[in-house]
Amino acid sequence: MTSTTADYDLVGVGVGPFNLGLAALAEPLTDLRALFLDARPQFHWHPGLLLDSARLQVPFLADLVCLVDPTSRWSFLSYLRQHDRLFPFYFAERFHVPRREYDHYCRWVARSLPSCRFSARVDGVGWDASAARFQVDVTDRTTGTTSRVTARNVVLGVGTEPVVPDALAPLLGAEVFHAGEYLHRLPDLAGARDITVIGSGQSGAEVVLDLFRRAPEHGWRLRWLTRSPAFAPMEYSKLGLEHFTPDHTRYFRELPAPTRDRLVGQQWQLYKAISAETIAEIHDLLYERSVGGGQPGLTMAANVDVRAAQRAGAGYLLDCRQTRQERDFRVRTDRVVAATGYAARRPDLLDPLAHLIDTDADGRYRVDGDYRVALDPAVTGGLYVQNAELHTHGVGTPDLGLGAWRSATILNAVTGRTAYRLPARTAYTTFGVPADAEPVPPATAAHPPVPA
């Protein structure tokens, strides 16, 4: 290993949208030396799902910086100006921008920030007690050389990983794959007659819509299965969206852990459902293709759990259960797309720190209000996380709209000052007990009546 004396105040591991936003907000802070590392050769955001028709589910103001610093030169509007697209954007009257454009915007920021280094794989993060610094071991994937940098603080932005049901995991390959690979796997759909998509979040709906549009040309029969109770729209009312505010995050953090776990499951329509626009497009196609008694060629079934899968001849056999009717059935299909979401996991690069990380009973990080992971008291540096705190901070965790706020909160904690001023209140809704409420005195044991 090549030794190095490079020392930073903050090292970011992974350069997805959240750590990229942190890098953008850190850039003007002259008292902060920061470095951001990513193993990939360049920034790319879910390239397998960059469909032409797909849009962000959040407004363009939920860029890397705007909801904290709209004057930043790394804002989406600055990107439009840099690329001479302000007038086209103005006339397009789009509050929700194409996902491909958001990806291009992020790549522009990533290429422009000198603190972002790609083809730099982080192999391990340890703690040097004598130097009171984190040691970050890095491999340059272009040259193969290794080095070590040190840092007072480390921020994990490694993203989430695809989740595939246990029943499908042994079959993964060219014909059974996660939706995140969809565009890359399109050639592997050649020759298929029957395609099954499992999962009814936004990604699943976008894959179904794209397949449905292509189906007449290829002669595909399509099937869409989900465990959810319905192909439901995402909650998008103005007050409903206040669940994606720092006010709700603070309220959620104060709840008991069992209540938090239960609440995340109950709030699935806030972050796991489908945009109303995508639902409308699918319904329009169903309607148009059923004119005159035609068969649309898409079967949709909710409350269906895929419990087992096996190879069957040239295709696959899926054992399913209709959970409301409690009835078992089978379907035969040629291809399976698992639109079954993503989840955070502790990366192997943290193994040198594993004995110093304080986790809950389920092995999850304990994360405080500054997004700092609880560590052994002997560790004086800060280990922070981005998008790994759903269990402690709630449904706003993966939402792009809270990314800038979380980054600013981390920077305020790391610098020990108000690097970015953050408003005390961000929602009209009071999520906890109202401030003007009177406390109820403790109940006292009632005395039984004295017999006459």
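Author: Angles under 35 degrees count as roughly parallel, over 145 as roughly antiparallel, 65 to 115 as roughly perpendicular and the rest as oblique. This is a predicted model, in which local features need pLDDT of at least 70 and side-chain atom pairs pLDDT 80 or more, while totals for chains, interfaces and linings use all residues. Residues are numbered from 1 along each chain as its sequence is written, and side-chain values use heavy atoms, without hydrogens or water.

Reader: Why are H1 and H4 called oblique to each other?

Author: Their axes, which come within 10 Å, cross at roughly 45 degrees, and H1 and H4 are therefore oblique. Axes here are lines fitted to C-alpha atoms, for helices over the stretch in contact, with angles from 0 to 180 degrees between N-to-C directions.

Reader: Which residues of H1 and H4 meet?

Author: Pro-17, Leu-20 and Ala-24 in H1 meet Tyr-102, Cys-106, Val-109 and Ala-110 in H4, where contact means heavy atoms within 4.5 Å.

Reader: How do you know that the span of helix H4 agrees with its number of residues?

Author: The expected span is 1.5 Å times one less than the number of residues; the 14 residues of H4 (99-112) should therefore span 20 Å, and the end C-alpha atoms are 20 Å apart, which agrees.

Reader: What makes S8 and S11 edge strands?

Author: Two strands pair if DSSP finds at least two bridges between them, and the open, parallel sheet has the order S8-S15-S9-S10-S11. Strands S8 (176-178) and S11 (298-301) each have a single partner strand, so one side of each is left without a neighbour in the sheet.

Methods:
Helix = DSSP H or I, 4+ residues; strand = E, 2+ residues; numbered from the N terminus.
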